[in-house]
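I opened this notebook to follow the aromatic rings of one structure and to write down what I looked up.

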Amino acid sequence: MSDLTPDETRVAVQYGALCYRFTKRDKLRVLLITSRGIGRWVVPKGWPMRGRTAWETALTEAWEEAGVQGHVSRNCLGSYDYDKWYPDAPLRRCRVRLFPVEVVDLADDFPEAGQRQRKWVSPRQAAEDVNETDLAQVLLSFSP
């Protein structure tokens with residue numbers, strides 16, 4: 001039995017990680033990375049992985065795309081939709097289900113290290129930096 005809602009059968013589902021940490025002064029910061037294509041600010045995300053749960057997939061994507069090692073929650077924070085661009089194919093509508101990941105360590109050497117930039121910002125700044133309105137709303141309401 002699928003854990004997708006009926007509406008999600010019409011779109012391609014991905015799983016994403018909302019990576020966060022607290023500063024020494026207890027200020028919440030979230031991690032944004034650049035997309036490989038046009039370099040816009042996004043969160044780590046990717047396609048479902050055989051044999052892995054949604055939250056395990058989100059944690060794997062956080063490692064591969066951002067070098068994050070941490071603790072993932074099994075509770076989905078929310079979701080957002082976006083259009084995935086392919087150079088030789090039509091746009092594909094995707095829904096990203098987000099899982100919070102508390103960052104314990106951030107590696108310098110990770111699979112996509114040379115392909116992306118990373119930055120830590122406040123949730124408010126992150127909401128301004130991303131293109132997706134629904135992702136911005138999740139960022140603004142995030143409170144681990």
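**Aromatic rings and charges**

I began with Tyr20, which is buried, with a relative accessible area of 10% (buried means under 20% relative accessible area, exposed over 50% and partly exposed in between, with a 1.4 Å probe and protein chains only). The model is predicted, so I noted that local features need pLDDT of at least 70, that side-chain atom pairs count only at pLDDT 80 or more, and that totals for chains, interfaces and linings use all residues. Residues are numbered from 1 along each chain as its sequence is written, and side-chain values use heavy atoms, with hydrogens and water left out.

I then looked up the aromatic pairs, of which the structure holds four (rings of Phe, Tyr and Trp, the last by its six-membered ring, pair if their centres lie within 6.5 Å; planes under 30 degrees apart count as stacked, over 60 as edge-to-face and the rest as tilted). One of them joins Tyr20 and Phe22 edge-to-face, at 6.2 Å centre to centre and with 85° between the planes. Phe22 is partly exposed, at 41% relative accessibility. Tyr20 also pairs edge-to-face with Phe142, at 5.2 Å centre to centre and 65° between the planes. Phe142 is buried, at 9% relative accessibility. I recorded that Tyr20, Phe22 and Phe142 form one aromatic cluster.

Last, I checked for charges over rings (NZ of Lys or CZ of Arg within 6 Å of the ring centre and within 35 degrees of the ring normal). The charged end of Lys119 sits over the ring of Trp41, 4.3 Å from its centre, and Lys45 lies over the face of Tyr82, 5.2 Å from the ring centre.
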